Amino acid sequence: MLHILFFLSLILTSIHVLAQDFCVANLEGVQTPSGFACKMESEVTPDDFVFSGLGIEGNTSNIVEAAVTTAFVEQYPGVNGLGISAARLDFAPGGVVPMHTHPAATELLYVVHGRITAGFISSSSNAVYLKTLRRGDIMVFPRGLLHFQINAGKRPALAIASFNSPIPGLQILESALFANDLPSALVEKTTFLDYAQVKKLKALLGGTG
């Protein structure tokens, strides 16, 4: 009898969740793998469903000469639970978004202007899928695979990325290897890089060890 009541309760709870129009993130709460808890509906405002940051050019005066402006759940709480988010990618000439992965999302890239060389590497055979994109082109990067984007032109480039998760996650390969306190000797051993090169990259990216 108890297990029947449990399943009925589970079904009713699921119906209640599905019946909700939205679940605006309570960013002051705890983030879980399934997202943030919902704000009380009385606390929800139109601003929760609007993000204006993608209309602002990013600052590309940095080591990679590129800028990524995210519209993830932390900036755009209305996307909580909706399976969608976005980002703006600005590239100065020579700019690059280094090799990285989004553990929780597939990415769709749309080139607004400029030329962008983009590619990803398959996990099964290390096959490389590489293409130079132009205005109006789109390219998809499957979830969790290493990928990158580089400005292939002599002028600034702009792209908009969309993701099928409000929290796509981000791990930049270079930061994971050289921007932490993993001992340089271990990095050398596991990457086959020269020890001096490891130390140089750690110094460049702020790592220690």
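1. Throughout this note, buried stands for a relative accessible area under 20%, exposed for one over 50%, and partly exposed for anything in between, as computed with a 1.4 Å probe on protein chains only. The structure is a predicted model, in which local features need pLDDT of at least 70 and side-chain atom pairs count only at pLDDT 80 or more, while totals for chains, interfaces and linings use all residues. Residues are numbered from 1 along each chain as its sequence is written, and side-chain values use heavy atoms, with hydrogens and water left out.

2. A search of the whole structure returns two salt bridges, a salt bridge being a side-chain nitrogen of Lys or Arg within 4 Å of a carboxyl oxygen of Asp or Glu. One of them joins Asp48 to Lys39, with 3.0 Å between the closest N and O atoms. Asp48 is buried at a relative accessible area of 6%, whereas Lys39 is partly exposed at 25%.

3. The side chains of Arg88 and Asp90 also form a salt bridge, at 2.7 Å from N to O, and here both Arg88 and Asp90 are buried. For Asp90 the relative accessible area is 5%.

4. Asp90 belongs to strand E2, residues 85-91; helices (H or I, at least four residues) and strands (E, at least two) are DSSP runs numbered from the N terminus. The Asp90 side chain also reaches the backbone nitrogen of Gly58 at 2.9 Å. If neighbours within four places in sequence are set aside, the residues in contact with Asp90 (heavy atoms within 4.5 Å) include Ile56, Glu57, Gly58, Thr60, Ala157 and Leu158.

5. His147, which lies in strand E8 (residues 147-151), is buried, with a relative accessibility of 1%. Its side chain makes a polar contact with the side chain of Glu107 at 2.9 Å, where a polar contact is a pair of N or O atoms within 3.5 Å; within protein, one atom must be able to donate a hydrogen and the other to accept it, and residues adjacent in sequence count only if both atoms are side-chain atoms.

6. Ala196 sits in helix H4, residues 195-205, and is partly exposed, with a relative accessible area of 49%. Between Ala196 and Ala87 the separation is 109 residues in sequence and 36 Å in space, taken from C-alpha to C-alpha.
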